[in-house]
Amino acid sequence: MRSLQSEIEQRGTRILRWVDQHPDSLFSKAGFYQRLMALSMRDEQFKLQLFRFVDVLPSLHRSGEIVEHLEEYFADVRDGFAPFVHAGIRLARIAPWVSGRVLRWNVSGMAHQFIAGKNPDDVVKTLRKRRAQRIGFTVDLLGEAVVSETEADEYAGRCLDLLETLARETQGWTDPLGRNSELFPVVNVSLKISALYSQINPADPADAIAHLAPKLLPILRQARERGTFINFDMESYAHKNVTLELFKRIFTDRDFKDWPHVGIVIQAYLRDSEIDLRDLIEWGRARGTRFAVRLVKGAYWDHETIQASQNAWNCPVYSQKPESDANFEALTRLLLENESIVTAAFGSHNVRSIAHAQAFADELGVDRSRFEFQLLYGMGWPIKRALVEMGYRVREYCPLGELLPGMSYFVRRLLENTSNEGFLRAKFAENLSEDELLRDPRELLRTSRNGVLPRSNNLTINAMKEPHPSHNRSLDTPPGDTYENAPLTNFAQPESQEKMRKALSEMRTRLGKEYPLVINGEKIFTGKTIASINPSSPEDVVGAVAEAGIEEAERAVKAARDAFEKWRWTPFEQRAQLLERAAAIMDRRRFELSALEVFEVGKPWVEADGDIREAIDFCLFYAQQMRLIRRPRLTQHVPGEESYYHYWPRGVAFVIAPWNFPLAILCGMTTAALVTGNTVIMKPAEQSAVCGAMLMEILEEAGVPPGVLNYLPGKGSVMGAHLVDRKDVDLIAFTGSREVGLRIWQSAGITRPGQRELKRVVCEMGGKNAVIIDADADVDEAIVDCTYSAFGYQGQKCSALSRLILLEENHDRVMERLLKAAASVRVGNPEEPGITVGPVIDEAAYNRILDYIQIGKSEATLAYQREDVPAKGFFIPPTIFSDVKPNMRIAREEIFGPVVSVLKVRDLDEAIAVANGTDYALTAGFFSRSPANIERAKAQIEAGNVYINRSCTGAVVGRHPFGGFKMSGGGTKAGGADYLLQFLVPRVVTENITRHGFAPEQTPEYRDEFLWAK
Ligand SMILES: Cc1cc2nc3c(=O)[nH]c(=O)nc-3n(C[C@H](O)[C@H](O)[C@H](O)COP(=O)(O)OP(=O)(O)OC[C@H]3O[C@@H](n4cnc5c(N)ncnc54)[C@H](O)[C@@H]3O)c2cc1C
């Protein structure tokens, strides 16, 4: 008996020979598309520009615009094909109208190589042709990732129409193989769940299922009635568990339990795919009815890899291509071994993967009519033909729809066809030998040295494989690279959801406790307390914190002053380690702290977790930064003299923090002061004083000495104002409103009798942040990001979007979708996972925001206001005003709530002028796909943090040093390399090292003995 490998080789060779006789036109050298693909495979930069151009083209309406973009994307192209590109650009300039049309025609021609039809009638023509070629179909309605429930409902309606059309048009069609046809209905439809519910949140599978199930039921009923097979496609990892759970839940339901014509996708590139497949098989056996699994490698590899890296998550996908291939084969075996309950569909264009499935099926004696191969429309045509000739069942995946909604599908196909790792490219473009193409992937993994394969050409993977720069730190290392960010919690994982639920219920039992002040290590109850209440349920007291008055403030200053004399001489390393211990404690208590934030400040789960992550990051980042700047550094090599530049702490720091990032901002300012050798009086906001008490507890556990940190909640107007004026306070680190910030700035400028230092004020204030959506922007992305930027955490981030600037040209188009998206965001008690908009912080904020809404109604047009917000708690309905003019109050004043003003402008010049026409300069956003406009926005928008093509909130420590200028702040950047310098005074010591005309030949770069002088 021949080995499995030789069976695979024999079958693979047969397919490849057949393929060689009928080469794939997609990879031929002729034709516009083919030439572009060939160029892309030769040059990564060209590929990047080409795909970006293709991505923007369908949303360009005028020929002139198309030509402008062409020029912007390709003007810098060098290399051998530059003449070709430049000739095209010249031609385009001469006849933009013709060129625009020609380009659009060509690109839509390219897309239609992968999209089987614009509408159901169109697609049916394709299906008829395939029928004649003995190839079956599954139709996929393009339009994933809807932004509103209206769009999701429209999609569901289109699915019903599609089912109807397909049933009607395929009447009388029979199974091409004629054997075991009861397993393979002729009509097969693939669904993507993200197209059916706009608010899927990985943290809340129950909500997603509760919304998806009712939308799916009519579709499924109709499909079953018409004898149609329904397949659930698999999308990004964030949606995986929801999709699996939904599938199992629905098809265990009484109505569908005995329906065999349902299937789901398993992605072999996922490390946990085997667990999922085994679980599905077990589920299927318990259900007692056949079902199907389409096994694929997976289409979102780049997305998953980038996402995991950005969030510091374990990467869910394999990093080496042969690992995915080997896993595909392992899962193939698992599927075929369980053929009695699961019908397998192998979704691959890889001849090795296909031949392995064939050979293994034969080895098990599974008849070839009992499983099928599925390939994508427009790809691997000769492979499909070869399989048909060999007597296998072949089904083609046929996307249906317009180019715009199909763009993400199209771009995925372009990437796949040009991927360095892909089989099709290896076979058709690079002509690898049969041996190489059919090699056992496990063999490849075994022979690779130390398990690491030869260097890949894939840009993403190479970026991931580069050693992290933190391994080689120096002053030249980008500051953000001095450490790796703490991970965000991945709420797609059920364990994380469970931990958060448990933490919330435990925290609930601890609410109402009393917390003391801490001065000089002594816990003090003053007889007066500040009650912190739950904004979702104002009668619930989260905790009561002892209130400090003037007397306690005086004691705290004295304690901090006394402690300073010792703390300032504590070696930097010890201080850095204090911060690292605090970070470790926060990490250990992460879910507990998040739960507290949910109750105390109404943060949705993800936002609360983000705040804890940021606090951890501040500790780690500042510890790293301190290590970098700690040592006195030689200023210049000069014979006979040495000068060392270094820093001293300033003295006593008074830290005044807001409630909206109750741990992160308080922790950031406090730890920056501590690590630099200052002592601290820490005043949390009254509304988040319990979070402040937790931070005190954490830093005490981490080992902060008595007096070095003093916890002093109290009234800002009384105790706060007293300390700001106090002569013994050397530095004030403030984050909060403009009104208070300016008062502090002014007051700190006055020198009091006996004052030693000029007070340094680190001052972060508010914003009136604008986002501009350019005419060519990706509106899907812009709407999602703007909705989140404006309404996430109820608009109570100082970075939140508050002025949306739309060009006349796209105003109506964007507004229509924006209003529907706003109507879809989830508003509710943030104890529930997946909420976007919770309550505002307190009654005063509630009333103030409602007042602004009244002002808005009198000044502008109320375009949208949500109605279904909870009656109990401080819930403000998400609100959008249109026809807003720059001089109106709602366009000028900070509202700090879920209220957006939309301003219509003529063009980009006016958009930038309006964006800049405010007192503030904190964050700003710009959505565009014009490289020239993007450069212009980067250069001209006045804001401390300018974000292009992404949300304008969510700064990450080290990556996006945060803070503004104008009336937004003093220009300091929290989480940035130079932040610590605010807390220090620079010093230089110079020594003449010459004695009687001789001097040492060398002076050390760093010297720190004198800092620790006895
Ligand atoms: C009919 C059909 C339906 C499909 N449906 C879905 C679906 O619902 N959801 C989905 O996600 N995908 C789906 N796919 C899969 C996807 O679209 C790709 O076509 C498929 O992954 C390509 O694999 P291949 O075996 O054809 O080619 P190969 O060239 O053998 O494999 C390419 C694949 O390997 C993986 N890969 C690439 N680089 C690496 C690396 N460095 N490390 C590890 N793995 C790597 C990626 O998954 C990549 O797509 C479907 C495919 C088909 C044919």
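The following dialogue asks how some terms apply to this predicted model.

Visitor: How do you know how confident the predictor is in this chain?
Guide: pLDDT is the predictor's confidence in each residue, from 0 to 100. The chain averages 92, and 95% of the residues score at least 70. Residues 454–471 stay under 50, although the model has 32 contacts there beyond four places in sequence, a contact being heavy atoms within 4.5 Å. Where pLDDT is low, the predicted coordinates should not be read in detail.

Visitor: What rules apply to residue numbers and to the values?
Guide: Residues are numbered from 1 along each chain as its sequence is written, and side-chain values use heavy atoms, with hydrogens and water left out. Local features need pLDDT of at least 70 and side-chain atom pairs count only at pLDDT 80 or more, while totals for chains, interfaces and linings use all residues.

Visitor: Why is helix 3 called roughly antiparallel to helix 16?
Guide: Helices (H or I, at least four residues) and strands (E, at least two) are DSSP runs, numbered from the N terminus. Axes are lines fitted to C-alpha atoms, for helices over the stretch in contact, and angles run from 0 to 180 degrees between N-to-C directions. The axes of helix 3 (residues 44–56) and helix 16 (residues 407–418) come within 10 Å and cross at roughly 160°. Angles over 145 degrees count as roughly antiparallel (under 35 roughly parallel, 65 to 115 roughly perpendicular, the rest oblique), so helix 3 is roughly antiparallel to helix 16.

Visitor: Which residues of helix 3 and helix 16 meet?
Guide: K47, F51, V54 and D55 in helix 3 meet M407, F410, L414, L415 and T418 in helix 16. By class, this contact has six nonpolar, one polar and two charged residues. Ala, Val, Leu, Ile, Met, Phe, Trp, Tyr, Cys and Pro count as nonpolar, Asp, Glu, Lys and Arg as charged, and the others, Gly among them, as polar.

Visitor: What makes strand 12 and strand 13 a pair?
Guide: Two strands pair if DSSP finds at least two bridges between them. Strand 12 and strand 13 (residues 537–546) have six bridges, in the antiparallel sense. The bridge partner of N534 is S537 in strand 13.

Visitor: Why do strand 9 and strand 12 stand at the edges?
Guide: The open sheet has the order 9-13-12, with mixed pairing. Strand 9 (513–515) and strand 12 (529–534) each have a single partner strand, so one side of each is left without a neighbour in the sheet.

Visitor: How do you know that strand 14 pairs with strand 15?
Guide: Strand 14 and strand 15 (residues 641–649) have two bridges, in the antiparallel sense, and at least two are required. R633 stands opposite Y645 in strand 15.
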